[in-house]
Structure formats: C-alpha cells, structure tokens
Amino acid sequence: MLLSQYPIDTVKETPSEAEIVSHRLMLRAGLIRRLAAGIYTWMPFGLRSLRKVETIIREEMDRAGALELLMPAIQPAELWQESGRWREYGPELLRLTDRHEREFVFGPTHEEVITDIARRELRSYRQLPVNFYQIQLKFRDEVRPRFGVMRAREFIMKDAYSFHVDAASLAAGYAAMREAYTKMFQRMRLDFRVVQADTGAIGGTASEEFQVLASSGEDAIAVCDADGYAANVELAAALPPTTPRPAARESLARVATPGARTIGEVSAAVGVPPKRCLKTLIVAGAPRAGSAAAAGDAGAGPTGPGTAAPGTADVGTADVGTAAAPPVALVLRGDHELNAVKAQKLPGVATPLRMASAAQIEAATGSPPGFIGPRGLSGLTVYADHAALALADFVCGANERDVHLSGVNWGRDLPEPIAADLRNVVDGDPSPKAGGPLRIVRGIEVGHIFQLGRKYSEALHATVLDESGSPLTMLMGCYGIGVTRIVAAAIEQNHDERGIIWPDPIAPFHVVLVPLNLQKSATVRTVADALYAELTAAGIEVLYDDRDERPGVKFADAELLGIGHRVVISERGLAADTLEYRQRRASSSENFPRARALEFLRERLQR
C-alpha cells in the first residue's frame, strides 16, 4: 500500500475519550473511529489486523474439525422465551419489534439459535459429535461501554457449539477446542495463560479462560511459575494454614472504639495490625423453595461464550429474606477480601451474593454496621475463612456501637464456626496444585470455553435417537473468542511510549518502507519503487511511505503504527550500496547490502 493514497491521518494528541493504552493508540493510529458509544468503525489499517486474527482463528477451528456456518444476528424472541433467557438475561439484551409487532433480539450470543438448528438437523447419534462455529457481529447493550473495542456494545465474536452423546465425547471435544485455542494464541505470539474459571450463570461442569497478560487487564489471575497453576482469582482456592492455631494468651477485653468502623480505623484504635482483626459481613440467606424471594431470585443474568463470570465487584445490597431465610455471617481476616463467587456457593447463602442493609444488620445483630463481630450471633449461620480460623487473641466487633473486643479466641469465647474458603488469594499464598508460591497478575479475557451440559438442549428439547432408538438429550459445549478484543489486548501487551508494537502474525503490514528525500532524489525513488515491487511480488506486505514529509514525521508515524520491520532508503546509504533496517523493539539500526534486501527481510520475518 502507498501511504500517500491512505486518506486517514495519524494524531499526535491523546484523544480525551480514550481511557487505556489500546484505545488511545488505536484512535491515534487511525485503526478505528467512534460512531456512537461503544460502536466503532474499523478503518483499513485496523481491519487488516482484525482479518489476520480471524484467519488464524478460522484455520485452527477448521483444523480441529469444526464446521463453519453463519447464523442470523437478529433472533426471534420465541427462542429466548423457550430457553428462559428472555426474562433472565437482563438489560444487556437489545430487544427489537418489527413492523408486524413481532419481537426479536440482536444476538449477544447464539446458544438458542444453534440448539434450534441441532434439534431440526440432527436425528441420530451417528451424526455426533459435531461442532459448528461462526465469526459474527454481536451486540450487548453495556450500561457503560468503555475502553474502546475492549468493552464495546457491538463486537465480533467467534462462537462455537458442540453436540455429543455422552460425557466422554464432550470431554474429548472440549480438549480439542482447548488445544485449538492454545495454537491460535501461540500463532498470534501473545503471552497468555489458560486459567481455571467459574462457570457462572452459564452452568456446566468445566470452564477455562484464555487470558492475555497485561498490566491494564481487568481480571486478576493467580499463577504459580513453579508448577504451572493458573486460575482466575474468583476460583483460585485459598488453602488452610498448615500450622496449628496458637494457644490463647490474652484475656477477653472490651475496647472503646468511638467512630472506628473500618478495619484501618479499628487497627489504629486498638493498636494491632489488620491481619489480627476480623471483619464480619452479614449477607442474604438463601430463600426457601416456593417463597416470594425465591421466585424473585430466579434470574441468572447474562451468559454466553466469552462472558466473564460474576466477581466480587458484583456484590450488591438487597432486602434479606424478609420471611424466607435468616441472613448469614461471613468472617474474614481484616487484610483479606471476600470472594463473592466462593461465598455464594455456600449452603444457605443467596445467589447472587447480596449484602444486608444497615437496618437488617441491626435487626439481626443488635448493632449498626462497623461494630459487628462473630461473638453472640445467635440464630445465624456463621462461616469463617480458614485464615480467620487460624487466629488467636484477635480483635473483632462487640455487636455494640463504638465497642470492639480484643483477646478473642475461638472455642473459648465463642463457638467454633463452619470453616470455609471465603477469600481471594494473595501474593505468596501456596498453589493448590503443588504448594509453590502464587503471584497475582492482571489479564484480559479473550477466550472462554465451557462444558455446557444440557442447559439448552433440555430447554429446547434437542434430542437424537440412541442405539436402541430411544430419545437422547444431547450434551453441549460452547467456546467463545472475542475477536475484536484480541486486537486491543495485543496492543495492551505490546506497546511503548512511541506507539504500537505488533506481533508479526497480526501486524497490518510486514514491512514499512521509508524512503528519505523521495520527491527530490531520482535515485532514491528508483530504488524504493523497485524494492517495493520486489517485496510485494515475493508475498511480503509492504507499507510504502511515499508521502512528501520530513523524515521525523515518517519515523514517528512508522513507530506509532507499530509495524515490526522498517527499511530506510537514503542517498547516503545508497552511496555505500546499503539500506538501513530497524526492528520495532530495537534501540538501534543496522545496515545491510541492498542486493540482499529480499533475503535479509525474509530471515528477519521468520524469527
């Protein structure tokens, strides 16, 4: 491509709307342009990279035996009503009505549509297993779209759905997709981890996320370099301490703590570190079957391939079991954070997890928030995290305004609670796999795979005949990749202060050709034109900067666009029969013989 024929200008200033690196650089480099909140046009440079990502995905899906199709983006409401998600999905589902007053949705995912295809087309167990996939636009009406294409309302997803006769076949299909995904991200040269994940509202028996590591990532991931363990912090198990709880040494005492409600304030008031304080959280209890509260809790929330499971940030405040269930107490060490996903799986705890209101806390404990402790909580189920159970002589609330207790000990001063894993793991915790130290890193979820089970096939009555001629409800797997998100994630992981640094396989071009003084030097133009033709004929994608611009402008744009290999043609170099080469990550340039240009660049591109 001749850069002079590209009408989109790069931008020096950081756009005010951009919040993260990828959004800033994609706007500055002219890869995308905003049309509306969370809706972007992919410009030619950006589209070239996007198509390369799609090609890699398509090649690996085809190699794994999946069959490509293309389903409608607009789906009839009847299918969503049949699955139950018409009511469950929530406001992210964009609902439409046509001129005949028929209701539709703009698909955020396609479980219903593919299951409808399966129940119509698949008749016998002999047709299984089968895996269908598509690469298609999706729409989720995010309440606050942000981070450019990272969390847009309209996006491109690769979603795949497999159908199986039994669990063994599903496990094999899941493993094949896991391998295919691994190859995709390896081919894109991204630093990623496959992490254990919570199945969330989508359900199923197994779930893993593919996380591109980047400091700006929204997800916290626990990894152990020693044993290869990797899991989303929502799922990573915090193991009980291996040493026994110390013996009690202090006497129970009341301590006046006027106005001290937070762990930091209590720690300062009592003179002990936060890790020797306990915090007690009062949450909603699980409604009893058939109660009004139970009926109101039926919604499971949005699901689909690539949808992140609910995390600790989703904890809300709601009415707590007015007549349906008593609240539940959760006790943690003061320096630890509650893990909502773990907590809401405990018997008697409402799903999704909801905190009690101030009035309900006072009704259940006799104390306002900020002074709650595990001692004297009669009638409430009390769960304590393993680390909290390991403490002796700890500080906790006294269930009385402006008072805390010190020197408190389990068993002596209050009953032993139910032990549970309630917290997020932290740096240095032992790995659940082999005990090595964990470290917490940030990641961007770009793929998610599930062993889905029969959630949709049962709801939509998708069956085949088994060997005996009896109906068999098919098992399903689903496998999502955020295609547009991969481009942004690659930039988040690969950039510097000057701009993007594309991994070669997904760069919009292989080489940027920068001739200096092109408009005034016939020699430079002749060599540049010939080299452009030679490289293009050899299948190397070249961006030829033939603009009448100063060298500094050309170099700055080349670095902003992030193409991995730059060749500079100058009169001085040609006088020595050399060209200048710089790899985008390198701090210096090197000269090479002009006659070896094609051979030289092929060698560099193969590295």
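This is a predicted model: local features need pLDDT of at least 70, side-chain atom pairs count only at pLDDT 80 or more; totals for chains, interfaces and linings use all residues.

Residues are numbered from 1 along each chain as its sequence is written, and side-chain values use heavy atoms, with hydrogens and water left out.

How many salt bridges does a search of the whole structure find? It turns up 43, counting a side-chain nitrogen of Lys or Arg within 4 Å of a carboxyl oxygen of Asp or Glu.

Start with Glu60 and Arg187: their closest N and O atoms sit 3.0 Å apart. This one links distant parts of the chain, 127 residues apart, from helix α2 (residues 44-63) to helix α6 (residues 167-187); helices are DSSP runs of H or I, at least four residues, and strands are runs of E, at least two, numbered from the N terminus. Glu60 is buried at 5% relative accessible area, while Arg187 is partly exposed at 32%. (Buried is under 20%, exposed over 50%, partly exposed in between, with a 1.4 Å probe and protein chains only.)

Next, select Asp429 and Arg423, a salt bridge at 2.9 Å, N to O. Both residues are buried.

Now pick Glu590 and Arg604, whose closest N and O atoms are 3.5 Å apart. Glu590 is in strand β32 (residues 590-593) and Arg604 in helix α17 (residues 597-605), so the bridge ties together parts 14 residues apart in sequence. Glu590 is partly exposed at 36%; Arg604 is buried at 11%.

Last stop: select Asp496, Glu497, Arg498, Glu559 and Arg584 together, and you have a network of salt bridges.
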